[in-house]
Amino acid sequence: MSQETLVGRLNTVGVTALSDALDRLAISGQAIGILPVARGMKFAGPAFTVQMLPVGLTHGIVGDYIDDVPEGAVVAIDNGGKLDQTVWGDILTRVAHKKGVAGTVIDGVCRDSDCCVSLKYPVFSRSVTMRTAKDRSTAHAYGVPIQLVEVRIEPGDWLVGDSDGVVAIPAGRVEEVVAIAEEVEAAERAILAAVDAGMRLDEARRAGGYHALQSRAV
């Protein structure tokens, strides 16, 4: 399956159905607490991982890695959930947008949020603040395993985000996950159609197997 086709399918089903699919497969992939700067933002793509460390523990730089991020990738930044320093601002947003980067996910915070909104460049983070990470944290390494909240992200794992949050999918299982998510979406559409036709919701849910949609496969 081409990357373009996969991106389209992931964006179509969205993160709630993907989360249900992850639950069914017993994959921990929900990055709880990381949300879009503005509703309506969405992305899907393979992760370009960035590990931040406090100044003094590393001799890295703040954001020059952006030159190496390929088109269609998602920048995934592990700053340990820090809320007191930003690791993404308007310069990075403008460069990423120009390069065709799919989006940015931060276990931490961003700033210059109006810029990403005006450019319609998806940025997802724990919050926003004004204080820079310069002289506080630097990019220690990229292309390495990182953590987003409690989710381990390997370089190339797939990240999907929309108004409901962010999910991570292991690269080797992404087609399996999206197929199950599409089944979940189809079942829910059938339930709604039955209710619209006059069936009681509890009966429609039983008929559509609603209560087993997220149950772990055995």
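Visitor: How far is the sulfur of C116 from the closest cysteine sulfur, and in which residue does that sulfur lie?

Guide: Please bear in mind that this is a predicted model. A disulfide requires two cysteine sulfur atoms within 2.5 Å. The closest cysteine sulfur to that of C116 belongs to C110 and is 5.7 Å away, which is too far for a bond. C116 itself is buried, its relative accessible area being 2%.

Visitor: How many disulfides does a search of the whole structure find?

Guide: The search returns 0 disulfides. C115 is likewise in no disulfide, for its nearest cysteine sulfur, that of C116, is 6.9 Å away. C115 is buried, with a relative accessible area of 8%.

Visitor: Let us turn to the helix. What does a straight helix of 22 residues span, and what does α1 span?

Guide: In general, an α-helix has 3.6 residues a turn, so residues three or four places apart point the same way. A straight helix of 22 residues would span 32 Å, at 1.5 Å a residue. Helix α1, residues 3-24, spans only 24 Å between its end C-alpha atoms.

Visitor: Where is the kink in α1 centred?

Guide: The kink is centred on G14 and amounts to about 95°. Just after α1, there is a further backbone feature to note: A26 takes a positive phi of about 60°.

Visitor: Which strands pair with β11, and in what sense?

Guide: Strand β2, residues 43-54, pairs with β11 in the antiparallel sense over 4 bridges. Within that pairing, V160 of β11 stands opposite A44. Strand β12, residues 165-169, also runs antiparallel to β11, and 5 bridges join the two. There, G161 has V166 as its bridge partner. β11 and β12 form a hairpin, with 2 residues between them.

Visitor: The last topic is the aromatic rings. How many aromatic pairs does a search of the whole structure find?

Guide: A pair of aromatic rings is described by the distance of the centres and the angle of the planes. The search of the whole structure finds 5 aromatic pairs. One of these is F48 with Y65, a stacked pair at 6.4 Å centre to centre, with 20° between the planes. F48 lies in strand β2 and Y65 in the loop between β2 and β3, so the pair ties together parts that are 17 residues apart in sequence.

Visitor: Is Y65 buried or exposed?

Guide: Y65 is buried, with a relative accessible area of 1%. Y65 also forms a tilted pair with Y142, at 6.5 Å centre to centre and 45° between the planes. This pair links distant parts of the chain, 77 residues apart, since Y142 belongs to strand β8, residues 137-142. F48 is buried at 12% relative accessible area, whereas Y142 counts as partly exposed at 39%.

Visitor: What do the ring pairs make of F48, Y65 and Y142?

Guide: The ring pairs link F48, Y65 and Y142 into a cluster.

Note on methods. Residues numbered from 1 in each chain as written. Predicted model: local features only at pLDDT ≥ 70, side-chain atom pairs only at ≥ 80, totals over all residues. Heavy atoms only, no water. Expected span 1.5 Å × (residues − 1). Bend = angle between axes of the 7 residues up to and from the residue. Pairing = 2+ DSSP bridges. Phe/Tyr/Trp six-rings, centres within 6.5 Å; stacked < 30°, edge-to-face > 60°. Buried < 20%, exposed > 50% of the residue type's maximum accessible area, 1.4 Å probe, protein only.
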